[in-house]
Every structure is written in C-alpha cells, then in structure tokens.
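User: I have a model open and would like to talk it through with you. Could we go over it piece by piece?

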Amino acid sequence: MNLFSFSRFAAVFMKEFVQMRRDRITFGMMIGVPLMQLVLFGYAINSDPKHLPAALVMGENSVFARSIVSAIEQTDYFRLRPAPITEREADWLLKTGEIQFAITIPPHFSDDLVRGRRPALAVEADATDPVATVNAVSALINLDRTALQHDLKGPLAHLAPNPTPFELRIQRRYNEEGISQYNVVPGLIGVVLTMTMIMMTGLAMTRERERGTMENLLAMPVRPLEVMLGKIVPFIFVGYVQVAIILLAAKFLFQVPFEGSLTILSLAAILFIAANLAVGFTFSTLATNQLQAMQLSVFFFLPSLLLSGFMFPFRGMPQWAQWVGETLPLSHFLRIIRGVLLKGNGWVEIWPELWPILLFMLLVSALALLRYRRTLD
Amino acid sequence: MSAATDIPVIAVRGLTKSFEGRKVVSDLDLTVNRGQIYGFLGPNGSGKTTTIRMLCGLLTPDGGSGTCLGYDIRKQAEAIKRQVGYMTQKFGLYEDLTIRENLTFVARVYGLDRVKARVDQALERLGLDERACQLAGKLSGGWKQRLALAACILHEPKLLLLDEPTAGVDPKARRDFWDQIHTLAHEGLTVLVSTHYMDEAERCHEILYIAYGKLLARGTVPAVIAAAHLSAWSVEPIRGDGTEIAALSRQLQQRDGVDMVAPFGAVLHVCGRDEAALDAATRDERIDPRYRWSRVAPSLEDVFIDLMGRSQDNFQ
Ligand SMILES: Nc1ncnc2c1ncn2[C@@H]1O[C@H](COP(=O)(O)OP(=O)(O)O)[C@@H](O)[C@H]1O
Ligand SMILES: [Mg+2]
C-alpha cells in the first residue's frame, strides 16, 4: 500500500470537477461573486464623496454673498440647488435627507461685514453619517480666509485676514460629536436582518425539495400563498427579536439617541423584514438545493452591504451605483432607522423611504408566487 | 355488482408525457373501477410514478385526457387532491416532526374538522398510538410506511394511489400493510398500488402491466397469464453441481423458439410463445439424462419477464 496514489487523488479530483460543472448556479456564482466584488469595490465605492446636495438660504443677494457661493462651488464638494430656499424648507430637506448641507447667509451680511462686525455664515451639516460629511466640512475650513480675497481690496483691504472678515459657524446636526456608532449601530439592524432573513427563508423551499417532502406537500390541497405566508411569518418574529436585541444594545451599550417613536420604527422594521423574507422565499423557489440558495443570498447580500450606504457613503458612489442602491430595501431602511432614531422623524418624513420598500416587497412576492410551481413539471 | 361500481374511478385515454424529448408514458388508456385493488407493475423507469403523478394533478400530461373521481385531470387538480390519498415513492413526511405532529399537520392542511379525534383514530387504526411522540426520522422502514399510509387516509379519500409502498420493508410489515389495504378496499376505497413483488401482485383484484410507457397487459392474474399464451418447461438437474445448468441456460437462450430462460434456484424455467417451436427447439436436451424436464404452468413472473423482453424488442 502506498501512502498516496496519484490515480486515487486524480479520481477524486475529476469527480469533483464534473460535479462542480453540473451545478450551474454554483458555478455561475463562483465566477459572478468575484466579478461583482471587483466592480463594486473598484468602481462603485468612494469614501471621499463629492457633489453633496446642499441648499442655500440667502438672507441677502450681494456681491459678497455671490462670491462666497462661488467659492463654495469651487471646492467641488457641494452641489447647490439652483434656487435659494427658506429656513423652514432647509430644515425639512435636512430631515428627509434630501440635502446634506444647508448654508445660510444671514440678512445684512454685507452690511455687518463692511462694518467689521464679523457676521456668521452658518453651515448646517447632516452628521448622521459623519464619514460622509467630514471631507466636505474640512474643505470649508479656509473659506472665511479666501472667499472674499478679491472683493476686499482698496478701501476694504483692512477687513482682509486677521481676524477673518466673517465667522464660519459649522453645526453638525443630529450627531453633534460625530460619533460613528450612532450611524453604524442602527444600520447594523438592517444589515443583520438582510443577512439572516434572506438566508432563513432561502432554505425554506429548497429544504422541502432536498428532503423529498415537496411532492407530498404539492399533493395536498395547500395553496402557494398559504405556503409562502406560513413559511415567512415565523421569521417575522425571529427578525423582530433581533431588532429588539440590537436596539437594547444601541441604547444601553452605545447610548445611541432615541429621538423618534419606537412604534414607527417597529412597524417600518416589520415591513423591511417582510421584504427580505420575500426575497429569500423567491430565491428558494429558484434554487434547486440549499447550497444554491445560500449562494443566491450572498449574491444579494453583497451589494446590499456595499451599495446601501452602510459601509460607504451612499452619495460617494457614481450615479449608476446609486441607482442600483435605490432598488435595494436596505438603502431605504437605513435612512428610515437613522432618521427615526437620530432625527426623530415621523411617518411623513419617512414615507418617501417607506413606499419603495413596500413596492419592492410586492414585486418580489409576485415573482415568488409566479415561480412557485404547483406541479412537478 | 351495484350500479356505483360501474362508474369508473379513473378513466383516462391517450395519456402521454415526455421528459427532455423522451416519451416516458405514451398513449396510455386506463380504466379503474370502484372498490378494487389494482396492482401497477412494470420494470424500473417504465413510467409508473409518472402516470400516478399525472392522475393526481402533480404533472401535466402532454397529451390525452380523462377523469379521476369524475374530475378532469387537467383542469380540476385541486378537487382531485382533496379526494385522493397519494403515498409517494420516497417517504414524504417530515423527519423532524413526531408522528402525531406530522398527522396533525396533514389534517390541518386538508382543513379537516375534529383534528385531534381524527389523528387519534388514525394512530389507533395503524397501531401507531404508542409511538405517537417519536420523531418520524427515527422510525424503521415499516413504521414510516404505516405513518405514510395513516397520513394518506386521514382525509377519508375515495382513491388511494400508492407508489411502491412496500419497497424495502420486511415481509411481516408487508403482510400487515396488505391486510390494511384489503380492509380499506372492503370499505369502498379504490386502490392503485405499484409494486415489484409478485406475491403482492397476486393479492390484487386486477393487475396492470406497463413497460416503456405502454400498458402491455391487464386483467386478473390468471387472465394475464392465459393471455400471454406462454408454454413453459421446468428443468431440474438430476446430478451435477449446477455448472452445467448454467451452460444449458446459455445454450437454450440462443435458440429460435425459446423466448425466455430464467433460473429459479437450481431449477431453470424455459418459456416460449409458440408451443410447437419451443418443443422442437428443446427436443435434444429433453432426452438428456442429466436433466428432468417437466411441463409447468407459466408463473406471473415468467409472463412479466417475457412481456418486458418483447416490449424491448418493439421499443428499439
Ligand atoms: N422530472 C423528470 N425529469 C426527467 N425525467 C424524468 C422525470 N421524472 C421521471 N423521469 C424519467 O422518466 C422515466 C420514468 O420514470 P418513472 O415514472 O419514475 O418510472 P417508474 O416509477 O416506473 O420507475 C425514467 O426514465 C425517469 O428517469
Ligand atoms: Mg417509480
């Protein structure tokens, strides 16, 4: 007996290779997952987001104001809304997350400036995701020194530096100290739910098929919707327990603020859980075995993790990646949960993020029910 | 016979099903009457399971039409499912549930009333009550099969479709199982049961023999044997160690007029469809003093092996 026989090794090797090739989905995933990672990490992700949406509240329209605005635009970090807005509007847009910065030039700015009263230029930043704003904020640091260089000449030259002609007042809203846990811990709820919920239900139908109980199930007068709901609902409870655990940890271990209503958050979480369960159920009707179901889950989980704004700032991604991101329920849920916990958002503010999840869930459920075969053909 | 028994429980014509371009069931006509036990026989891969699945709406036939329990097999699969008990070839209940949990699940899926009472009744009927709390996965083949039968009859179906219910089950359990089936048939159930066992075939009122998707023979056991028009000899070696019987078997197989040679222990069965040709082909060996030749009635197994051989010839 020799210890290692090449032909025995080769026999196992060949067998594995043939089996691998037979399993189309697995084979596809082995090629698809690295390609996807390459594209996502290589092209989509950018932790130095530029062109962040910002709006101006113009207390006056003067030469100085226009100079400041053009200096802000030149930093390349801000995409200013064309029309100035009111303070109330700015507040709303910050809350719903439509803008990341509100820049206020107060009334009598020029007047105060010329008189040397150092007026304040207020920049409010949505700091729920501190990483997303940090570079933009630092780009503003020297604004007070440089913005008006060209305007302060001749008789006004004495207003130039020292101390700066106006004050730059940067206010990080919703997360004043820029604590990254405030952003990560609530987001983790969404990530954990996406991963576990899809995997659990992904196995739901494939398990029936693999264990040979599928035929018996089909032979009985049970309808697809009944099977689907019956398999999904138990996991809503499981998911909700996960939410509760992380929320408790968020409050007591990380002192994450709880500004909004727990009821709203719970209902939104249940909708999000249901959407993920529907995805999992659809995967389980597509996959022929449990391994394939797991791989499909990974295939969905990866872009969710990378393109939702959990790991990297959403607005740092190129347009195409943002479009992909918008179709993922996790992107919307992250905005909801951060909005409710940190900004105290209510139904009206979260509605724009809620309906996409609802729509997603309905579409995916319809697909699952279409795919669910009532015969063995 | 009462009038009700004249209405067929299954009446299908021209049933056809192909998988990947290969005809698995072709142009099958089938009529099954009430209260009878039908044995569904045929070699592996002959299309028994496929036929049964088409009958209860689990597969859509490519061609053909008909009724099962008076419902259209194409359009009324839901109604059929409610009144048919189908026992799958592979154990189809949940191994990680107990016997009672499995039965309760089935009863609820069928929307039955008095779930607990019915489950208790089924447990008692099949002698499962003492094991009610055991996990199905831990049961032996015979007990699993009883559980599967209990699950099939819970909703009081009118027709039982049993797909190789006794494969891999010991003889005692097989006998008990068949006693159950006969009791159920007495109560008015119609049973279509596929099997590979000849003794089981002989316990059926009628048998249906299918090979390569075609129904080749049907009727009572004596009728099927008679219809085959087979003549048979049994050859017993008088001396010798059995090696010459193997040689004889090979020799005879080549002859025209000999359609089938099959050993049964030390005895050889030699059959032919044409009696005169068979006798002529075996004339020399029949006077060989080493063997004792006796004319026998062909067995059901002889008939099946012959039918299978014949259909294979047609099939190629
Ligand atoms: N879902 C299927 N897809 C492809 N081929 C199938 C399928 N089901 C059965 N077959 C083929 O059809 C033939 C008949 O199978 P089956 O009806 O199970 O035979 P039996 O039950 O008589 O052994 C076999 O050759 C089998 O491989
Ligand atoms: Mg079969």
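User: Let's start in chain A: where does A:His51 lie?

Analyst: A:His51 lies in the loop between α2 (24-44) and β1 (52-58) of chain A, and please keep in mind throughout that this is a predicted model.

User: What is phi of A:His51?

Analyst: Phi of A:His51 is near 50°, a positive value in a residue that is not glycine, whereas most residues other than glycine have a negative phi.

User: Switching to the metal, which residues coordinate the magnesium ion?

Analyst: The magnesium ion (ligand 2) is coordinated by B:Thr49 through OG1 and by B:Gln89 through OE1, at 2.0 to 2.3 Å. The two residues are 40 apart in the chain, with B:Thr49 in helix α1 (residues 48-55) of chain B and B:Gln89 in the loop between β6 (84-87) and α3 (99-109) of chain B.

User: Is B:Thr49 buried or exposed?

Analyst: B:Thr49 is buried, because its relative accessible area is 17% and the cut-off for buried is under 20%. B:Gln89, by contrast, is partly exposed at 43%.

User: OK, now the interface. How much area do chain B and chain A bury between them?

Analyst: Chain B and chain A bury about 1800 Å² between them, and 52% of that area is on carbon and sulfur atoms. The contact takes 21 residues from chain B and 17 residues from chain A.

User: How many salt bridges are there between chain B and chain A?

Analyst: The count is two salt bridges, and one of them forms between B:Arg53 and A:Glu215, whose closest N and O atoms are 2.7 Å apart. On the side of chain B that touches chain A, α2 (77-83) and α3 of chain B each supply at least two residues, and by class that side has 10 nonpolar, four polar and seven charged residues.

User: Last one, how many helices and strands does chain B have?

Analyst: Chain B has 12 helices and 14 strands, and its C-alpha atoms fill a box of roughly 70 × 45 × 45 Å along the principal axes. Of the 316 residues in chain B, 52% are buried.

Key:
Residues numbered from 1 in each chain as written. Chains lettered and ligands numbered in written order. Predicted model: local features only at pLDDT ≥ 70, side-chain atom pairs only at ≥ 80, totals over all residues. Heavy atoms only, no water. Donors = N, O, S within 2.8 Å, 3.2 Å for Na, K, Ca; no water. Helix = DSSP H or I, 4+ residues; strand = E, 2+ residues; numbered from the N terminus. Buried < 20%, exposed > 50% of the residue type's maximum accessible area, 1.4 Å probe, protein only. Contact = heavy atoms within 4.5 Å. Buried area = accessible area lost by both parts, 1.4 Å probe. Salt bridge = Lys/Arg side-chain N within 4 Å of Asp/Glu carboxyl O. Nonpolar A, V, L, I, M, F, W, Y, C, P; charged D, E, K, R; others polar.
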